[in-house]
Amino acid sequence: ADVEIRVKLPYSGDSEEPFGVPQNLYSIGTMNTDDRSIAPIDTALRRRFVFEEMAPKSDLLSENIEGVNLQSLLEAINTRIEYLYDRDHTIGHAYLIDVKTLPDLRFAFKNKIIPLLAEYFYEDWENIDLVLNKNGMIEEEKSNSDYLKNLNEINGKKIYKVSDKNWEVENFQKIYDDSVILTKKDDSKIDEESK
């Protein structure tokens with residue numbers, strides 16, 4: 001090419017062949033929106049590349065996993081995240097794409113989605129509980145409350161934790177359906193895979 005640039009790469013070894021990229025090659029890279037937070041790199045990348053948004057596609061998910069509609073579930077969560085935080089932090093369909101059973105869904109929430117929400121909202125469990133539509137997966141921590149009673153009188157702060165027992169179909173349905181009534185479950189019925 002007229003303005004061809006070829007270079008010798010540091011790891012080329014003894015090879016005399018310089019490295020170059022042909023004109024018909026397009027480089028496509030992916031990144032999360034969180035990774036764009038470093039301003040100088042962000043500005044440099046925007047000058048040199050085109051960014052195409054890849055929004056979550058809930059229609060790629062199942063409508064019935066043991067009674068839970070994953071499409072509605074993801075749409076409800078993302079609508080609340082966009083309202084409480086911003087659109088760049090919506091959860092992608094990849095978090096739920098491999099879910100085939102209720103234990104898979106429990107695993108995805110406990111090990112992927114809730115930790116991600118905790119990072120997004122900086123451990124603000126009240127907002128995380130709002131994203132999950134107060135479905136019982138986040139509950140107020142009652143242990144050691146005697147040690148904190150004087151502090152609670154001053155600032156009224158509550159301490160939350162991820163529930164050990166509220167991981168049934170109704171809890172997931174409650175995220176997207178306000179008509180679902182949550183009932184108290186017997187702790188002995190908890191599936192071991194959800195722990």
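A salt bridge is a side-chain nitrogen of Lys or Arg within 4 Å of a carboxyl oxygen of Asp or Glu. The exercises below apply this rule to a predicted model.

**Exercise 1.** Decide how arginine 6 and glutamate 17 are paired, and which parts of the chain they join.

*Solution.* 
- Check the distance. The N to O gap between the two side chains is 2.8 Å, and they meet in a salt bridge.
- Place the residues. Both arginine 6 and glutamate 17 lie in the segment before α1, so the pair ties together parts 11 residues apart in sequence.
- Classify arginine 6. Its relative accessible area is 40%, so it is partly exposed.
- Classify glutamate 17. Exposed means over 50%. Glutamate 17 has 54% relative accessibility, so it counts as exposed.

**Exercise 2.** Find whether glutamate 168 and arginine 106 are buried or exposed, and describe their contact.

*Solution.* 
- Start with the contact. The closest N and O atoms are 3.5 Å apart, and the two residues form a salt bridge.
- Locate the partners. Glutamate 168 sits in the loop between β2 (160–162) and α6 (169–176), and arginine 106 in helix α3, so the pair ties together parts 62 residues apart in sequence.
- Apply the cut-off. Buried means under 20% relative accessible area.
- Conclude. Glutamate 168, at 18%, is buried. Arginine 106, at 4%, is buried too.

Terms used
Residues numbered from 1 in each chain as written. Predicted model: local features only at pLDDT ≥ 70, side-chain atom pairs only at ≥ 80, totals over all residues. Heavy atoms only, no water. Helix = DSSP H or I, 4+ residues; strand = E, 2+ residues; numbered from the N terminus. Buried < 20%, exposed > 50% of the residue type's maximum accessible area, 1.4 Å probe, protein only.
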